[in-house]
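Okay, hi everyone, thanks for making time. I'd like to walk you through a structure piece by piece, so let's get it up on the screen.

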Amino acid sequence: MRVFIRLAWRMPEGAYYRALRAEAEVVDGSVDDLLWDLVMHRYALQRVIDALWDLGKLPSKGQLHQLFYLMLRQYGFRAHVARNIYSNALAIVKSAKSNKGSKPQVRRLSARLDYQDARVELDKGIVKVILRGRWYVLRLKHRREYIERFLGLRWREVHVRYEN
């Protein structure tokens with residue numbers, strides 16, 4: 001299991017982003033449940049992509065919300081995760097259509113979570129994430145010196161990705 005934490009560091013002329021990439025192990029919660037939630041996330045993202053691909057004209061953000069929010073909530077996703085799913089799907093479909101490519105297929109088991117759905121405690125080396133109503137505690141398996149470089153920064157989002 002790999003966890004990517006995107007951290008933001010404010011500079012006077014804008015924002016500077018750094019990514020903390022680390023392997024993690026599930027400490028609290030079941031690995032099988034986490035994998036099932038990641039599979040459900042991939043399935044929901046692919047369903048939204050398929051629906052958007054068949055439309056002639058891509059909808060606005062408000063129309064996206066009306067089209068997909070209730071469906072994603074019925075799958076058990078939290079409101080912020082549902083918003084991330086349909087926003088991400090829209091970006092993927094826009095990119096594929098502008099490049100005149102074929103319909104995109106989601107292959108990776110991954111989820112993007114923002115600050116409402118994850119708690120990062122770098123001093124303890126722990127990341128807590130919630131997917132579909134279940135909290136998972138992940139312990140970062142990385143050198144302490146590497147993690148300490150990121151302690152003073154504010155983080156923006158967490159990517160949870162399963163790799164064999």
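Let's start with Leu-109. Leaving out residues up to four places away in sequence, Leu-109 touches Leu-38, Val-39, Arg-42, Val-160, Arg-161 and Tyr-162. Keep in mind, by the way, that this is a predicted model.

Where does Leu-109 sit? You'll find Leu-109 in strand β3, which covers residues 109–114. And is Leu-109 buried or exposed? Its relative accessible area is 14%, and buried means under 20%, so Leu-109 counts as buried.

Next up is His-41, which is found in helix α1. His-41 is buried too, with a relative accessible area of 5%. What does the side chain of His-41 reach? It gets to the backbone oxygen of Ser-110, at 3.2 Å. If we set aside neighbours within four places in sequence, the contacts of His-41 are Phe-77, Val-81, Ile-85, Ser-110, Ala-111 and Arg-112.

Now let's zoom out to the helices. Helix α1 runs over residues 31–54 and helix α2 over residues 61–74, and they pack at an angle of about 150° with their axes 11 Å apart. Angles over 145 degrees count as roughly antiparallel, so that's the word for α1 and α2. Their crossing is right-handed. On the α1 side, the contact is made by Ala-44, Arg-47, Val-48, Ala-51 and Leu-52, and on the α2 side by Leu-64, Phe-68, Met-71 and Leu-72. What kinds of residues are those? In this contact of α1 with α2 we have 8 nonpolar, no polar and 1 charged residues.

Then there's α2 with helix α3, which is residues 79–98. Their axes come within 9 Å and cross at roughly 125°. That makes α2 and α3 oblique to each other, and this crossing is right-handed. Which residues meet here? From α2 we have Lys-61, Leu-64, His-65, Phe-68, Tyr-69, Leu-72 and Arg-73, and from α3 we have Ala-79, Ala-82, Ile-85, Tyr-86, Ser-87 and Leu-90. By class, the contact of α2 with α3 splits into 9 nonpolar, 2 polar and 2 charged.

Methods. Residues are numbered from 1 along each chain as its sequence is written. This is a predicted model: local features need pLDDT of at least 70, side-chain atom pairs count only at pLDDT 80 or more; totals for chains, interfaces and linings use all residues. Side-chain values use heavy atoms; hydrogens and water are left out. Axes are lines fitted to C-alpha atoms, for helices over the stretch in contact, and angles run from 0 to 180 degrees between N-to-C directions. Helices (H or I, at least four residues) and strands (E, at least two) are DSSP runs, numbered from the N terminus. Angles under 35 degrees count as roughly parallel, over 145 as roughly antiparallel, 65 to 115 as roughly perpendicular and the rest as oblique. A crossing is left-handed if the near helix is turned anticlockwise from the far one by less than a right angle, and right-handed if clockwise. Contact means heavy atoms within 4.5 Å. Ala, Val, Leu, Ile, Met, Phe, Trp, Tyr, Cys and Pro count as nonpolar, Asp, Glu, Lys and Arg as charged, and the others, Gly among them, as polar. Buried means under 20% relative accessible area, exposed over 50%, partly exposed in between (1.4 Å probe, protein chains only). A polar contact is a pair of N or O atoms within 3.5 Å; within protein, one must be able to donate a hydrogen and the other to accept it, and residues adjacent in sequence count only if both atoms are side-chain atoms.
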